[in-house]
Amino acid sequence: MKEAKEQSPGEGERSIICGIDLGTTNSCIAYLKDGKPVIIPVEGNSPILPSVVSFDEQKGHMLVGREAINRLSVYPRHTVRSIKRLMGKETTVHLGSRELSPPEVSAIILKRLIEKAQQSTGLAIKQAVITVPAYFNDAQRRATITAGELAGLEVLRIVNEPTAASLVYDYVAMTDKLDTPYILVYDLGGGTFDVSILEIRGEIKEVLASCGDTALGGDDFDQRLVDMFIRHIEDKTATKISTDDIALQVRLKDIAERTKISLSDTPFVAVKEASVTSVNGEPVNLNLEVSRDEYEDMIRDLVDKTIDKVHEALREASLASSDISEVLLVGGATRTPLVQHSIDGIFDIPIQHSVDPDLCVALGAAVQGGLITGEPLGHILLDVTSHSLGVKTADEFSMDTGRADHFSVIIRRNTKIPVRRAESYYTMYENQEGVDVEIYQGESPRCKDNTLIGAFYFGLRPASVNSTVTTEFAYDKEGIVHITVDQKGYDNRKEVTLDVRTRQVKEKDTVTGNDDQERPGTGNDQAVLNYIISKYKALCNKQGIDDKSRNELIEIGERYQRALIDKEDDDTIDDLEASLIDKIEEIEETLEDIE
Ligand code: AMP
């Protein structure tokens with residue numbers, strides 16, 4: 001490996017240095033464009049090339065990526081995946097009649113990345129920075145350099161994956177400064193898991209501790225779902241399914257992966273697949289619903305294993321969780337909500353996942369390329385949510401105090417937008433008439449410390465206690481959140497849009513709010529105002545309130561509304577609003593005590 005020479009475009013061709021994440025499951029390639037790392041599409045519009053190679057015996061050529069995956073079930077002996085696990089070993093793999101070393105297979109993947117990247121950018125690629133896991137030994141690193149050279153590249157540097165991930169975060173315009181020099185990178189890919197703690201001293205990043213499991217990743221999550229599908233088919237057909245059926249395994253794995261990915265965004269997934277196999281000559285369909293709760297129970301022990309490793313890494317680095325000032329998530333499987341919640345449980349700081357976890361390492365490798373050649377680097381500006389967004393719910397604390405105040409996050413702070421996420425909630429009473437959906441933004445687990453940015457009422461059909469209501473937030477690039485609440489199984493849903501910047505709530509087809517009531521000077525709190533007034537009006541007619549309290553409530557409410565209509569000054573309105581809220585809360589508390 002050498003330091004970069006002056007970038008020398010060959011015969012009139014401009015050449016670039018690229019950063020390559022040569023992954024176990026997927027690979028990607030990035031380069032610096034005007035000082036900013038960008039990912040290059042390599043499979044149609046997709047930036048991700050599955051790290052799978054297959055030899056087509058008839059045509060005598062190698063297939064890479066999705067085309068190779070498609071051959072897995074029919075030509076398993078001509079196809080190889082996860083070659084990274086064999087790097088550095090004195091072994092070969094057979095792809096039909098071809099026998100190749102692990103670096104030779106990796107070189108085929110690298111070549112495909114380069115060809116596609118050259119086509120997309122119109123630029124020549126001769127030099128690269130390639131990433132490897134922090135735990136890779138010398139032989140594995142050397143094998144990676146050999147793979148690069150076989151692909152016709154000059155490998156400028158081999159960089160540890162967590163270091164590359166942290167490099168890209170350096171260039172994301174983040175407001176928070178690091179309090180301590182320690183950052184933790186949690187990397188859960190398809191087949192491997194790594195956790196590393198880095199210490200930053202100026203420009204230098206040193207890996208203080210690194211541990212993981214080379215046989216644990218998203219593929220294992222898929223396998224748990226595959227096992228469940230097989231049990232389901234066996235129960236349905238009363239027939240034992242052979243585990244040697246490769247075509248069935250490949251089909252079920254594909255269904256499982258799609259199910260798993262959907263479960264990251266929605267709490268229920270309907271799996272409907274025709275003819276997945278046949279029993280006694282009859283086709284068998286897969287038709288079932290999988291809930292996120294059920295799925296999380298299936299994978300909990302695997303996620304717990306990764307959490308044990310996080311503690312092990314902290315011990316190895318002689319640090320406490322409070323010493324870590326940044327937690328970065330890398331690898332596609334970190335999109336799993338259970339993974340994010342489990343990591344959240346260890347650290348008090350918000351975890352960073354504003355950069356796409358699949359692309360983070362390649363982007364960082366491109367940044368490293370720029371640092372080697374001394375190219376000026378600009379900040380990467382991302383479209384991310386600046387606050388966590390969620391709804392008010394009841395939790396155990398609420399039960400104790402008699403008041404719901406738990407902030408249930410649906411979209412976390414620093415999530416790249418557009419994004420769509422849903423969570424499910426459960427009714428608290430039999431035949432509950434409805435729910436007040438209150439949307440807050442902020443980082444505190446208690447709503448009272450966050451900001452109420454919108455609210456609306458969702459009427460429920462009569463149902464038993466603990467029936468499910470799902471709430472979906474789809475946050476678009478314009479800052480509008482499209483909210484859908486759905487009473488599951490009752491054909492009862494409501495769609496509402498909330499403008500996060502103006503805090504305007506619009507129910508589908510009807511616009512709540514009244515221009516006459518707009519507050520002078522602000523106009524921002526319309527949703528909150530609507531909410532207070534609707535609460536006040538509902539309480540005025542409620543049974544069980546003593547006359548004195550009711551009269552006081554009506555008096556404050558009327559003065560408040562009159563002040564809004566007369567557009568009185570902000571201080572008067574604020575005082576009246578605070579008195580009205582206090583009164584509403586006081587009465588609600590008395591009513592809850594009675595109930
Ligand atoms: P990587 O090795 O980083 O490319 O990660 C690939 C793994 O991430 C595979 O197991 C994917 O199925 C998994 N993955 C990708 N997207 C998601 C998602 N939205 N939720 C859960 N797992 C995902």
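**Note on helix packing and the ligand site**

1. Helix α5 and helix α6 (residues 246–263) pack with their axes 8 Å apart and at an angle of about 115°. Since angles of 65 to 115 degrees count as roughly perpendicular, α5 is therefore described as roughly perpendicular to α6. Their crossing is right-handed. The model is a predicted one, and the points below should be read accordingly.

2. On the α5 side, the contact with α6 is made by Gly-218, Asp-219, Phe-221, Asp-222, Gln-223, Leu-225, Val-226, Phe-229 and Ile-230. Helix α6 contributes Gln-249, Leu-252, Lys-253, Ile-255, Ala-256, Glu-257, Thr-259 and Lys-260. By class, these residues divide into eight nonpolar, four polar and five charged.

3. Glu-257 and Lys-260, both part of the α6 side of that contact, are also listed among the residues closest to the ligand. The ligand is surrounded by 16 residues, and the closest are Asn-26, Glu-257, Lys-260, Ser-264 and Gly-332. A polar side-chain atom of Glu-257 is placed 2.5 Å from an oxygen atom of the ligand. For Lys-260, a polar side-chain atom lies 2.6 Å from a ligand oxygen atom. Arg-335 has a polar side-chain atom 3.2 Å from a nitrogen atom of the ligand.

4. Helix α5 (residues 218–237) also meets helix α7 (residues 292–316): their axes come within 10 Å and cross at roughly 135°. That angle makes α5 oblique to α7, and α5 passes α7 in a right-handed crossing. From α5, the residues in contact are Asp-220, Phe-221, Arg-224, Leu-225 and Met-228; from α7, they are Glu-294, Tyr-295, Met-298, Ile-299, Asp-301, Leu-302 and Val-303. This contact has eight nonpolar and four charged residues, and no polar ones. Phe-221 and Leu-225 of α5 take part in the contact with α7 and in the contact with α6.

5. A further pair is formed by helix α2 (residues 102–121) and helix α3 (residues 138–150), whose axes come within 8 Å and cross at roughly 50°. The angle makes α2 oblique to α3, and the crossing is right-handed. Pro-103, Glu-104, Ser-106, Ala-107, Leu-110 and Lys-111 of α2 make the contact with Ala-143, Thr-146, Ala-147, Gly-148 and Leu-150 of α3. Six of the residues in this contact are nonpolar, three are polar and two are charged.

How values were computed:
Residues numbered from 1 in each chain as written. Predicted model: local features only at pLDDT ≥ 70, side-chain atom pairs only at ≥ 80, totals over all residues. Heavy atoms only, no water. Axes fitted to C-alpha atoms, helices over the stretch in contact; angles between N-to-C directions. Helix = DSSP H or I, 4+ residues; strand = E, 2+ residues; numbered from the N terminus. Parallel < 35°, antiparallel > 145°, perpendicular 65-115°, else oblique. Left-handed = near helix turned anticlockwise from the far one by under 90°. Contact = heavy atoms within 4.5 Å. Nonpolar A, V, L, I, M, F, W, Y, C, P; charged D, E, K, R; others polar. Near = heavy atom within 4 Å. Polar contact = N/O pair within 3.5 Å; in protein donor to acceptor, adjacent residues only side chain to side chain.
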